[in-house]
Protein chains: 2
Amino acid sequence: MHEPGPRIRRDRGFEHRGGGAVSTDGTVRLVRTQGVTAAAGFRAAGIAAGIKPTGALDLALVFNEGPDLAAAGVFTRNQVRAAPVLWSQQVLRSGRLRAVVLNSGGANACTGPGGFQDTHATAEQLAGELSNWGTETGAGEVAVCSTGLIGDRLPMDKVLPGITEIVHELAGGLSGGTDAAHAIMTTDTVPKQAAAHYAGWNVGGMAKGAGMLAPSLATMLVVLTTDVVATPDQLDHALRGATRLTFDRLDVDGACSTNDTVLLLASGSSGQAVPQAELDAAVFAVCDDLSAQLMADAEGVTKRVSVTVTGAASEEDAVTAARTVARDSLVKTALFGSDPNWGRVLAAVGMAPVQLEPDRITVSFDDVPVFADGAGVPGAREVDLSGPDIALRIDLGVGDGAATIRTTDLSHGYVEENSAYSS
Amino acid sequence: MHEPGPRIRRDRGFEHRGGGAVSTDGTVRLVRTQGVTAAAGFRAAGIAAGIKPTGALDLALVFNEGPDLAAAGVFTRNQVRAAPVLWSQQVLRSGRLRAVVLNSGGANACTGPGGFQDTHATAEQLAGELSNWGTETGAGEVAVCSTGLIGDRLPMDKVLPGITEIVHELAGGLSGGTDAAHAIMTTDTVPKQAAAHYAGWNVGGMAKGAGMLAPSLATMLVVLTTDVVATPDQLDHALRGATRLTFDRLDVDGACSTNDTVLLLASGSSGQAVPQAELDAAVFAVCDDLSAQLMADAEGVTKRVSVTVTGAASEEDAVTAARTVARDSLVKTALFGSDPNWGRVLAAVGMAPVQLEPDRITVSFDDVPVFADGAGVPGAREVDLSGPDIALRIDLGVGDGAATIRTTDLSHGYVEENSAYSS
C-alpha cells in the first residue's frame, strides 16, 4: 500500500478503513454528520423542485461566500460526456467557482444541443438569482452536475423555478449541507458526508452513488469544500492525488458514468495557507472515507471486498491486476456465495496484462494463505468467508508495486436492481 | 461484417446465425447429430472412469487412424495455464497428433509440478495402450485436455485404468463421437457437435462449456477433425482464421479459462487435398455453429445477444467496442429485464478505448433506431425486447471497421449457478 497511512481517530461506530490524514498532532478527526458546510465560508441547501416525480429532494446548491473562489475538478474519463460535464469542464478552466448546482432525477446525457442549452440556462438562472441576492455572479462561475436516467431532457419548467427557490433557502448551518447531500441521492439508501477538522481549518464533502457501481442513473457526484487559502493549482494537486487513490480505485462493476464529477472549492475564509502535503492528506482523508461509504452502499452489495495486489512490477501493474480481479464476474459471484474459490482468482489474475510468473504468485483470503508454490494450500477450501468484509490479497512476487481496489460481490440484488430499473 | 457469409442450408430446426462455408455448389450441409467421427479416419469413445463422483461420463478419446497425423491447436491467452495446456502446447510443436484424451471432473490447473506429472503419465499411459493395441504411438503424439474445478489434483487411480478401458471401447461408428461429446460436459446441459459434409471430404467437431461464460470448471474445449490431406501449416491457418471470428468473439462474462483448448486433426483418409480457402471456410462453418451452441447453452442465459459494431476506424476498434458493450454488467442486466436502456449502451461504448465522436454514433435494437444525432429517437423506450434473441447494433460513423460479438444477458440464473457452485 503506497498510501498515506497515519493513525486516525474516528467517531464511534466508524471502522478504520486504511489511509487517513495527518494534522499537526498526528491525528485527524473525521465525522460523517457534516459535509460541505463543515468548511467555513460555505452555505448549502437541498429542496424538492419537482424534477423527481416522487416529490423527493432533487435540487442541491453549494455556495461559496468567499473571500476566495478557487476551485478544481476531475471528470469522467468516458468519451460520451453529459451536457453538465461539458459545461463544468469549460467553466473550471478559470480555476474559479462561486457555486455548484446539482440535480438528481435526470442525467441530461445524450440529450443533444438542447440538453447543453438546458445546462447553460441553469447556470445563467443561478447567476442571476445570486446577483439579485447581492452577490454579483456570472454563469461562468457556476458548475452544474446532473444525475439520473441517461437520455431524457430535464423538465426545465421545474428546474428554473427551483433555482429561484433554493437561493432563498440557503442556510449557513449544517442542515443545509445535509439537505444537499439528500437532494443528490438516486438509488443511494443513505446520504454520504465526511468532514475533517484541523487546527483552524477544515475540509468537508458529500457524495452520491458511484459511477462504477450503479445503473445509468447512479453517477458519482462529489463536492468537497475547504476554508484554507489555496490556489487552483494547489487544489488541483490535492484533488488529483486523492481521487487517484480513492474514487479511481473503487470499482464495483467496471462501469463509468457519463456524468462523474468531483469538485473541490476553497473559500479562504480561515485565512490560513497550509503546506501542500497537509492539504493533500486532508483531501485524501475525506475522499477515502466517502469512497468507503460509496462501497458500503453499493447496489445489491452483501460483501465489502478489498483486492490488494503486492509484489507487482509497478504500481500501475498492481492497479491493473487488482482491477482485473475486482471486475471478474466469477470471482464476484463466488464471494457472494462465501466460497473461497481461489482458482477463479488465479484464472482472473492470469488475464491481467501485467508481468506475471504463475509459480511465484501467493493468494490469501483474510490473511489465510490459500495458494503458494504453484498449488493450493491444504485447507484452502475451508476458509470461512461468511462475514460481510473480505480481504483478498495477491502477491505477484516480481517487484514491489502495490495497490488496493475496493469492490463488492455480484449478488441477486445487483441483478434485481439493475434489471428491474425502468427506462 | 467482414466474415464469410454465403447461404447455408441447415437441418430443420437450426436457425441461421450468420457466417457459413462454401462448397463447390455454394452450399454446405451442417448437422448437429455428428461430431468428431463425421470425418473419415477417426474413432472416438466416452466412458465413466469414476473421475466425477456422480458416475457420469468423464473420459473421452479421439483417435486418428491416419494415414496422416497432421494437427494444429490454439490455446488460452491466460498467463496462468493448466498442466494439460502446457503439455499439449509442447507436443503440438511437431504438428502431429495421434490422439487426444480429454477428461471432465477436474481441470488439473494450479496443481504444481505434480499436476504436470499427472498429465505426462496420462499421455504415456495412452501411448502404451495404443501401442499394445497395434498402433505404435509415443506420448509426444498425444494431446491432453482437462476441465473441472481449478486447484485439485486428478484421481490418477481412476484416470489410468480409465485409459486402458477407453482404448478398448473405441468404435468406428457415430456413437463413439457422441459419447465423447457427452464425456467432456461439465455444467453444459447438452452435448455440442457439428459436422459439415462436402463432396468427398468432411469436417466434424465437438465442444463443451465456453471459457468465457462459465465457472471455474467450464473451460472451453473443442476438438475438430477432418479427412482432407493437409499440412500442419494449412490446418493452423484454417484454425486461427476460424477461431478469431468465432470462439474469440463469444464473450459471455469476459472470463477466460486456464484450460481453453481448440484442436484440429487431419487424417488424410479422404485422399483429397482441397484449396486453402475451402478448408478455411469449412472449419469456420463448424466453429461458427459450435459457437452458437455454446452461447445458447451459457449458464443462466435467458437472452442470446449479438452486439454488432459498424463504422469503426478499424476492425480491431470494432471488436474492442463490441466487446466492451458485451461485457458491461449494466447493459447485460438491462437486457435480462428486456429493457431497451440505450443510455447504458452509450455509457458503455464511451469507455471503449477506440476512436469515437459521440454525435456520430447511432444505436438500434433489432433494427429499430433508438439513438441518432446525439439524442434519443422518439419511441426508443418502447422497443419490445421480450424475445429470446436481441440484435444490438452500434454504428460509430467514423470508418468502415465492423465486428460482431456474441454474448448473453446477466441473469439471476448466472449468479445462482456461479455462487452456489461448491469449491
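## A salt bridge between the chains

A:Arg381 and B:Asp152 form a salt bridge, with their closest N and O atoms 3.2 Å apart; the term stands for a side-chain nitrogen of Lys or Arg within 4 Å of a carboxyl oxygen of Asp or Glu. This pair crosses between chains: A:Arg381 sits in the loop between strand S15 (375-376) and strand S16 (389-395) of chain A, and B:Asp152 in the loop between strand S7 (142-146) and helix H3 (156-169) of chain B. Helices (H or I, at least four residues) and strands (E, at least two) are DSSP runs, numbered from the N terminus. A:Arg381 is buried at a relative accessible area of 16%, while B:Asp152 is partly exposed at 35%. Here buried means under 20% relative accessible area, exposed over 50%, and partly exposed in between (1.4 Å probe, protein chains only).

Before going on, please keep in mind that this is a predicted model, in which local features need pLDDT of at least 70 and side-chain atom pairs count only at pLDDT 80 or more, while totals for chains, interfaces and linings use all residues. Residues are numbered from 1 along each chain as its sequence is written, chains are lettered from A and ligands numbered from 1 in the order in which they are written, and side-chain values use heavy atoms, leaving out hydrogens and water.

## The wider interface

Two salt bridges are found across the interface of chain B and chain A. B:Arg381 also takes part in a salt bridge, with A:Asp152, where the closest N and O atoms are 3.3 Å apart.

On the side of chain B that touches chain A, helix H8 (329-336), helix H9 (342-349), strand S15 (375-376) and helix H10 (412-420) of chain B each supply at least two residues. The largest share, six residues, comes from H10(B). In total, chain B brings 55 residues to the contact and chain A brings 55 residues, contact meaning heavy atoms within 4.5 Å. The two chains bury about 4300 Å² between them, 57% of it on carbon and sulfur atoms; this buried area is the accessible area (1.4 Å probe) that two parts lose on being put together, summed over both.

## Salt bridges within a chain

Over all chains, the count comes to 28 salt bridges. One of them joins B:Arg304 to B:Asp389, with the closest N and O atoms 2.8 Å apart. That pair links distant parts of the chain, from strand S12 (residues 304-312) to strand S16 (residues 389-395) of chain B, 85 residues apart. B:Arg304 is partly exposed at 22% relative accessibility, and B:Asp389 is partly exposed at 37%.

In chain A, a network of salt bridges links A:Asp188, A:Lys192 and A:Asp297.

## Aromatic pairs

How many aromatic pairs does the structure hold over all chains? There are eight, counting rings of Phe, Tyr and Trp (its six-membered ring) with centres within 6.5 Å; planes under 30 degrees apart are stacked, over 60 edge-to-face and the rest tilted. A:Phe63 and A:Trp133 make an edge-to-face pair, because their ring planes stand at 80 degrees, with centres 5.6 Å apart.
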